[in-house]
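These are my notebook entries on one structure, set down in the order in which I looked things up. The coordinates and sequence come first.

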Amino acid sequence: MEDFHREGEALYCEGVPLGEIAAAVGTPTYVYSHAALERAYMDLVDAFAGLDFMVCFAVKANSNLAVLRSLAAMGAGADIVSGGELYRAVRAGFDPKKIVFAGVGKTESEIVAGLGERILLFNVESASELECIERLASIHGKKARVALRVNPGVETGTHEHISTGHENSKFGVPVEEALQLAERIESYRCVELIGVHQHIGSQISKLAPHVEAIEKSAELVKELKGRGHDIRYFNIGGGLGVPYRGDETLPSPLEFVDAIRPTLKETQAKIICEMGRYIAARAGVLLTKVVYRKRTGEKSYVVSDAGMNDLLRPSLYGAYHEVVPVNGSTGSVAGADLVGPVCESGDFLARERDLPDAGEGEVLAVLDSGAYGFTMASNYNSRPRPAEVMVRGGRWAVVREREHYADLVKGEIVPAFL
Ligand SMILES: Cc1ncc(COP(=O)(O)O)c(C=O)c1O
Ligand SMILES: N[C@@H](CCCC[NH3+])C(=O)O
């Protein structure tokens, strides 16, 4: 959080007081620190030093064009999961040779778009998808480069909604099937097998599941090479967790890489890592204003102008985000809930917490919201999605305008028969 810090009473993002941004742009607003993005990206780059590697940012974590452009300019690649993310990644300036495309449900048009952009590779998740890629590549006169996404069958200990590498997960294929698919590719004319991919989940707080999974997947790399396949890439996925609570310590990128370095080296493949959260989470905060204070019996509520439609993580996963006042505070209120205006009992940003005893009109910052914040925002309750701001040094700019009511009905049509 060093890029978000206090000077006197005021909370700053780099050289800019967050109160200034809230006053100028309104709330709710996501604010991103360019320096924090760079710091996290460089942590990863430094950790992988000595290996042949590429860091591909998981675009789903934060797909704002300014964030993507920043990372592309730093030299990052992109991990995408949809045609929309491909569109954004290309517009943001990522080199297609550094774009990898995952996802269990790639449609024909998404595959064709990926082939058209000559992306580095498709991470293939099923036999049917592989067949589809071969057919489309053949029709369009292209050669598709693929990696097989293997499911190493490892429990991660993270929230069940964001765990992907256990048995019976919809993601990837078991090792046995990966070997069969590799054999099948030999009879395909337009698909070239160049990699192995795995990703076991997100916000993983221990090294052991990563180590176990990467060792298992590395065995597959070796086995495929032994069978004569030219496996040039080993994509180890993302998933490195970040400390959302002040007292948490999680493995650093260096500890992560050191734990797997011999295994990675042995594969003699170029390593791809697809971190999203590690790069973006701590680079963003959500600014929200206290609309009302209220009490129900013993319970104290802080009602904010941001709700679950703006930041879904607390409601969906029971996720914890630190909440702090932007302009200093008069102490805290115990056992309180920070709730939004959405008509759902599950609409909260913080629950049963010691919260800032902020008065109506005061601005709060919900910390570590740079990953899976805006990208999971919705228009539920016909609420325009928040603005996004990027800070770099002493400069800042709106990088996504707050939505207007007209945006809410864009594309809707009332037919003549009504
Ligand atoms: C295939 C793939 N790669 C990378 C990521 C990024 O994960 P994280 O943000 O935890 O690094 C995800 C999301 O879990 C994913 O599904
Ligand atoms: N949306 C999740 C992460 C999912 C990762 C996608 N595979 C979160 O906010 O923690």
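This is a predicted model: local features need pLDDT of at least 70, side-chain atom pairs count only at pLDDT 80 or more; totals for chains, interfaces and linings use all residues.

Entry 1, ligand 1. How does the shell around ligand 1 divide by class? I found six nonpolar, seven polar and three charged residues. For the classes I took Ala, Val, Leu, Ile, Met, Phe, Trp, Tyr, Cys and Pro as nonpolar, Asp, Glu, Lys and Arg as charged, and the others, Gly among them, as polar. I counted a residue as near a molecule or strand if its C-beta atom, placed from the backbone, lies within 6 Å of it. A58, S202, G238, G276 and R277 come nearest to ligand 1, out of 16 residues around it.

Residues are numbered from 1 along each chain as its sequence is written, and chains are lettered from A and ligands numbered from 1 in the order in which they are written.

I listed K60, I162, S202, Q203, R313, Y317, Y372 and M376 around ligand 2. Four of these are nonpolar, two polar and two charged. Domain 1 (4-32 + 281-409) and domain 2 (103-273) each supply at least three residues of this shell; the bounds come from an automatic or database domain assignment.

I counted 12 helices and 20 strands, as DSSP runs numbered from the N terminus (helices H or I, at least four residues; strands E, at least two). The chain is as compact as a globular protein of 418 residues, because its radius of gyration is 23 Å, close to the 22 Å of the globule rule. That radius is taken over C-alpha atoms, and the rule is 2.2 Å times the number of residues to the power 0.38.

In what order do the eight strands close into a barrel? I read β5-β6-β7-β8-β9-β10-β11-β12, with parallel pairing; two strands pair if DSSP finds at least two bridges between them. Neighbouring strands of this sheet are turned by 30 degrees against each other on average, direction ignored, with axes fitted to C-alpha atoms and angles running from 0 to 180 degrees between N-to-C directions.

Strand β5 (residues 53-58) runs parallel to β6 and is joined to it by three bridges; C56 stands opposite G77 in β6. I also noted that β10 (residues 191-197) and β11 (residues 233-235) pair in the parallel sense over three bridges, and that G195 has Y233 in β11 as its bridge partner.
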